[in-house]
Amino acid sequence: GLIVGGTCSTCQNLQSLGLPNGSRVNPTTIGVDSAFGSKLKALNNTLIASNVNWNITEGYPPSSAHQDSCHASGTCVDASLGQNPSSSSFNTFYTATQSKGLNATLDVQNQAQKDALIKSGGTVPIPTNDKATGTHFHIK
């Protein structure tokens with residue numbers, strides 16, 4: 001089923017953590033669990049050094065229902081890599097998440113999108129999620 005709501009007493013907002021946010025995410029009201037936030041800050045530093053631009057597009061509280069309950073507790077985020085990212089950027093992002101002890105998948109809406117990413121050199125885990133609003137990383 002889909003998860004909505006939840007509580008996060010340990011959440012800090014994205015602005016206080018210095019994390020990048022997408023245009024539809026208010027960095028003063030959207031946050032993440034503080035321990036998870038520390039990992040995201042380390043990830044952000046690695047991505048800056050690698051010239052990979054990214055934005056958190058969903059944090060806590062979630063803006064819509066999700067399949068993974070971590071969205072209801074601030075222990076995961078969805079993120080995008082901006083306009084027309086390359087498979088190389090996806091691979092660099094995924095490797096960086098792993099190096100910081102995070103788990104990431106690149107969610108796509110259908111098999112055709114998955115096939116195109118693999119054909120262009122994508123080596124990250126790519127599940128299909130017909131409820132996704134677009135291609136994004138799910139990080140926890």
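**Ground rules**

I number residues from 1 along each chain as its sequence is written. Because this is a predicted model, local features need pLDDT of at least 70 and side-chain atom pairs count only at pLDDT 80 or more, while totals for chains, interfaces and linings use all residues; side-chain values use heavy atoms, with hydrogens and water left out.

**Entry: the sheet**

I began with the strands. For my own reference, helices (H or I, at least four residues) and strands (E, at least two) are DSSP runs, numbered from the N terminus. Two strands pair if DSSP finds at least two bridges between them. I also reminded myself that strands of a sheet pair through backbone hydrogen bonds, either parallel or antiparallel.

What order do the strands of the open sheet have? I read β3-β4-β6-β5, 4 strands with antiparallel pairing. The edges are β3 (55-58) and β5 (104-107); each has a single partner strand, so one side of each is left without a neighbour in the sheet. Neighbouring strands are turned by 35° against each other on average, direction ignored. My angles run from 0 to 180 degrees between N-to-C directions, with axes as lines fitted to C-alpha atoms, for helices over the stretch in contact.

Next I followed β3 to its partner β4 (residues 77-80), and found antiparallel pairing over 3 bridges. Asn55 stands opposite Ser80 in β4. Helix α3 (residues 87-99) packs on this sheet and touches β4, β5 and β6 (136-139). Its direction makes about 5° with that of β6. Contact here means heavy atoms within 4.5 Å.

**Entry: the disulfides**

A disulfide is a covalent bond between the sulfur atoms of two cysteines. My test is a pair of cysteine sulfur atoms within 2.5 Å, and by this rule I count 2 disulfides.

One joins Cys8 to Cys11, with S to S at 2.0 Å. The link of Cys8 and Cys11 is right-handed, with 95° about the S-S bond. Is Cys8 buried or exposed? I use "buried" for under 20% relative accessible area, "exposed" for over 50% and "partly exposed" in between (1.4 Å probe, protein chains only). Cys8 is at 14% relative accessibility, so I call it buried, whereas Cys11 is partly exposed with 25%.

The other disulfide joins Cys70 to Cys76, with S to S at 2.2 Å. The torsion about the S-S bond of Cys70 and Cys76 is about 85°, so I noted that disulfide as right-handed. Cys70 is buried at 8%, and Cys76 is buried at 1%. Numbered in sequence order, the bonded cysteines pair 1-2, 3-4.

Then I looked up Ser87, which sits in helix α3 and is buried at 9% relative accessibility. Which side chain does the side chain of Ser87 meet in a polar contact? I found Ser120, at 2.5 Å. A polar contact is a pair of N or O atoms within 3.5 Å; within protein, one must be able to donate a hydrogen and the other to accept it, and residues adjacent in sequence count only if both atoms are side-chain atoms. Leaving aside neighbours within four places in sequence, Ser87 is in contact with Leu117, Ser120, Gly121 and Gly122.

At the start of helix α4 (residues 111-119), a side-chain oxygen of Asn110 reaches to within 3.2 Å of the backbone nitrogen of Ala112. After α4 comes Gly121, with a positive phi near 105°.

**Entry: the rings**

Last, I checked rings of Phe, Tyr and Trp (its six-membered ring), which pair if their centres lie within 6.5 Å; planes under 30 degrees apart count as stacked, over 60 as edge-to-face and the rest as tilted. The structure holds 3 aromatic pairs. Trp54, Phe90, Phe93 and Phe137 are linked into a cluster by ring pairs.
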